[in-house]
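Student: Could you walk me through this fold? I'd like to go from the overall picture down to one element.

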Amino acid sequence: MMRLLLAALAAIHLVTAQRIGTPEVHPQLQTWKCTNSTGCTAQNTSVVLDALSHPLHAIGNSSISCSDWSSGLSKELCSTKESCAKNCVLDGADYTSHGVQTKGGSLILHQYQKSNGAVSAVSPRVYLLDESGKNYDMLRLLNQEISFDVELSSLVCGMNGALYLSEMLQSGGRGRLNPAGAEYGTGYCDAQCGTSPWINGVANTESRGSCCSEMDLWEANARSTALTPHACNITRLYACTGDDCGSNGVCDKSGCGFNPYALGEKDYYGYNMTVDTTKRFTVVTQFVTDDHTARGRLSEIRRLYVQGGKVIQNAVAKVSGTEIDSITEGLCESSAGYFQKMGGLKQMGNALRRGMVLIFSVWNDSSQFMNWLDSGSAGPCNSTEGNPDIIQAQHPETSVTFSNIRWGDIGSTYTYAQK
């Protein structure tokens, strides 16, 4: 029963911890760094589940949770930041039960797991660790590109297999009150400024939000996809309060997105279309600067695909009468005013220069059914088929596989792509 309770608490984002309990064993995930002069070099990296998926309990008694249903934090164990750090312990996670599998350079994320005949949602989110396994691998992608293969034919309407970057702290906020740090998946933040009982593994007794710049490289299912930068007028993680956490706060929540369907290219991406989602394909994202160096200003975010050994250029859409196939200042000025107010591509480029953490997740949306991604003007799905109850009943096998993750010089990462 205790494991079920902890899993349920994790599912509603009430679980994380500070002190270290049982060991954490990270699934290995090979990645590659590339240059135009030397090619691609393999890295022995690994992934770690978000701290919310780790068991949390009182020291010496695993049956006593450090959080509860009503207030999030246990009033007895977590009356202050210091008492939480003293009283609570974070145990290592069971990756298989949370729907995470790795093999070589492939990562498989399952939305649902079956146990004792029952199917439950696990919705895993994992972060890339560096070769030491102690800290997050910080990707600095200004004037660089990143590519990966994806197989998502079973991601139906309402699902989102995401691969993105957030400007988390490299250590995960490791410190006196959080010795676990990145090794146990602490420190999450993004441009949505969500409120959790914990910030950087320390009790969030003031109910603040965790804000930081976010670059959504890939939010997609088999029917629709979006590429979206989210700028924040801050440097690294910021604990927001009040209006700073809202839609007109320190971060742009909507972003400056490129969704081919939403921009009028309705036959470009999907089953048996130009980018055929019935098969595996490679996704390439390039961060171009005005002077083509890592010291320059981000001026354009480009996208291309490789499938069957052929390079597929991005969809060409018309915005205010102008043809456009990438994210530029022109696109953002015409469609994303708050993104521009938060600093736009310049601010996004600053975050890419400082370094960001690579994140993988799969999830669905009980409140909006993922309509913002794949329904109405955003995609071909109807407004109700993304209901998680329908997905669980009809498609419990839904999953996404990311593989061949490479980053480096522009033009260096995708010449290997499958034929």
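Student: How many helices and strands does the chain have?
Tutor: Bear in mind that this is a predicted model. Going by its secondary structure, the chain comes to seven helices and 30 strands.

Student: What radius of gyration does the chain have, and what would a compact globule have?
Tutor: Start from the length, 419 residues, for which a compact globule would come out near 22 Å. The C-alpha atoms fill a box of roughly 60 × 50 × 45 Å along the principal axes. The chain agrees with the globule value, with a radius of gyration of 21 Å.

Student: What share of the residues is buried?
Tutor: Buried here means under 20% relative accessible area. The chain exposes about 16700 Å², with carbon and sulfur atoms supplying 48% of that. Of the 419 residues, the buried share is 58%.

Student: Why is strand S19 largely enclosed by the rest of the structure?
Tutor: Look at both sides of it: Thr 225, Leu 227 and Pro 229 point one way, Ala 226, Thr 228 and His 230 the other, and all are buried. S19 spans residues 225-230 and is largely enclosed because the number of its six residues that are buried is six.

Technical notes: Residues numbered from 1 in each chain as written. Predicted model: local features only at pLDDT ≥ 70, side-chain atom pairs only at ≥ 80, totals over all residues. Heavy atoms only, no water. Helix = DSSP H or I, 4+ residues; strand = E, 2+ residues; numbered from the N terminus. Rg over C-alpha atoms; globule rule 2.2 N^0.38 Å. Buried < 20%, exposed > 50% of the residue type's maximum accessible area, 1.4 Å probe, protein only. Areas by Shrake-Rupley, 256 points an atom, 1.4 Å probe, with all protein chains shown as cover.
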